[in-house]
Amino acid sequence: MPIRSEVSWVGLIGLFLSSRLLAQSPATDAIDFDSLRQEAAVRLSEYLRINTSNPPGNELASARWLKEVLAREGVEGQILDTTELGPGRANFYARLKGSGKGKAIALVHHMDVVPADPKFWKEDPFGGAVKDGAVWGRGALDMKGQGIIQLMAFIALKRAGVPLTRDVVLIANADEEATSLGAQVFIQRHRDLIRDVEFLLTESDQTRVEQGKVRWFGIDVGEKRSYWQRLTVRGVGSHGSQPTPYNPVPRLARIIARIAAWETPLHLTPAVERYFKAQAQERTGRARIWLADPAAALRTREGRAWLLSEPERNALLRNTISPTVLVGSDKINSIPSQASVDLDIRLLPDQDPEAFRQELLRVIADTGARLTQFKSSLSPKYSAPLNTEMVRAIERTVGRLLPGTPIATLINTGGSDRPYYADAGITCYGLAPYLVDHAEQDREYHGVDERMPIASLEFGLRLYVGILREMGQGG
Ligand SMILES: [Zn+2]
């Protein structure tokens with residue numbers, strides 16, 4: 001059982017700034033993290049000044065910039081898919097050769113960001129200001145900051161001439177914030193470039209820091225799958241002044257009530273169990289007992305009610321359905337000939353969509369109801385194993401950098417590019433290589449005043465370099 005993490009974030013910064021740490025660490029002896037951190041801050045500032053708000057994306061400009069930065073290091077990157085992605089858009093790819101003894105590792109980030117309205121920001125979201133110990137701008141956390149950490153780790157390994165058994169592949173995609181078109185096109189067109197990739201590291205937003213303490217370090221290992229459906233019932237259109245039993249609106253309302261009352265079966269996956277266990281250490285009383293053994297808690301009425309009372313935990317324990325868009329008549333005095341509701345269905349990663357659909361039809365219990373799946377709403381299945389060389393390398397590296405911090409394995413309830421890479425046969429993990437307070441992160445992610453603390457850049461660099469060296473030695 002790891003000891004409870006009492007690592008103070010402020011204390012950590014001091015730790016990072018101390019060069020004694022790196023002198024003592026044999027795994028990182030050839031790299032000067034002090035100057036690497038400063039250089040990373042400059043690169044991040046430059047990167048944030050390239051406005052890649054999506055729409056329209058404009059990732060070609062950032063791909064060109066990445067190519068230039070790497071060219072200065074003697075690495076030739078490739079700008080790809082400009083025709084397929086449309087004007088001003090591109091994917092980017094580069095590779096650092098290892099001995100070829102082990103399979104490759106891909107470091108993947110998306111170059112696009114969500115739009116930002118400067119009116120609400122303290123600094124220009126596309127100005128790249130370096131202020132109060134942080135680099136400010138849209139994308140600092142999501143996810144240009146991590147892109148820079150990956151880039152600089154890649155460059156540091158190249159410069160240090162660290163002998164690696166595995167190639168390290170750097171991929172930057174367009175369009176993650178919209179339809180994942182960048183990753184999908186890249187994977188489809190460039191199988192040859194990723195054929196030898198065994199593991200992939202990309203974003204997660206879930207390393208938890210609260211009041212300066214690192215509560216847990218998160219590794220994303222899976223994602224719920226959107227399985228959106230439109231449910232339609234037909235009736236007979238007529239005038240609203242003379243009600244009939246053929247009005248589809250009340251019929252639809254009865255079906256929705258049945259769906260809303262349906263308690264989908266509870267299902268505790270190994271990853272979710274580990275995630276809850278990682279949270280137990282910071283709790284007291286019954287919450288601690290329930291989180292420490294969620295399987296047992298789910299068998300008791302009180303434990304189950306408590307676990308399900310929080311929307312995120314509830315969503316991690318079952319398939320969920322949210323009825324959202326309702327369409328009946330568009331006129332108060334017309335009974336429509338059909339009515340529909342859109343169902344935002346999210347399946348746990350190990351579930352069979354067709355079996356769920358059959359179960360849903362049983363709950364709907366109306367042979368006249370039709371379910372139509374939204375085109376391409378079902379993302380590929382993504383659920384990575386917990387017991388791999390990569391997870392162990394992450395655990396060891398985090399153990400060195402944040403002693404005693406529990407590791408949480410996370411299933412995302414939202415969507416990302418990872419399922420598309422997982423579908424190509426790659427084992428994908430998400431990391432949040434920075435230590436930003438949870439409340440602050442919530443405000444900044446897709447919000448205002450997004451910024452990357454410079455101390456976090458160093459944490460991220462140590463984390464990535466540490467993981468890659470662990471993997472390089474073991475491969
Ligand atoms: Zn992102």
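I started from a definition: four donors count as tetrahedral if all angles lie between 85 and 135 degrees, four as square planar and six as octahedral if opposite donors are over 155 degrees apart and all others between 65 and 115, and anything else is irregular. The model is predicted, local features need pLDDT of at least 70, side-chain atom pairs count only at pLDDT 80 or more, and totals for chains, interfaces and linings use all residues. Residues are numbered from 1 along each chain as its sequence is written, and side-chain values use heavy atoms, without hydrogens and water.

**Zinc site**

I looked up the donors (N, O and S atoms within 2.8 Å of the metal, 3.2 Å for Na, K and Ca; water is not among the atoms, so sites may look incomplete). His110 (NE2), Asp142 (OD), Glu203 (OE) and Glu203 (OE) coordinate the zinc ion at 1.9 to 2.6 Å. The arrangement is irregular because the four donor atoms subtend angles of 54 to 151°. I then checked burial (buried is under 20% relative accessible area, exposed over 50%, partly exposed in between, with a 1.4 Å probe and protein chains only). His110 is buried at 1%, and Asp142 is buried at 5%.

**Helix 11**

I took helices (H or I, at least four residues) and strands (E, at least two) as DSSP runs, numbered from the N terminus. In helix 11 (residues 285–292) I found Ala287, Trp290 and Leu291 buried. They lie on the same side of the helix, because their arc, taken from the directions from the helix axis to the C-beta atoms, is only 95°.

**Ser238**

I found Ser238 in strand 12 (residues 238–239). Ser238 is partly exposed, with a relative accessible area of 28%.
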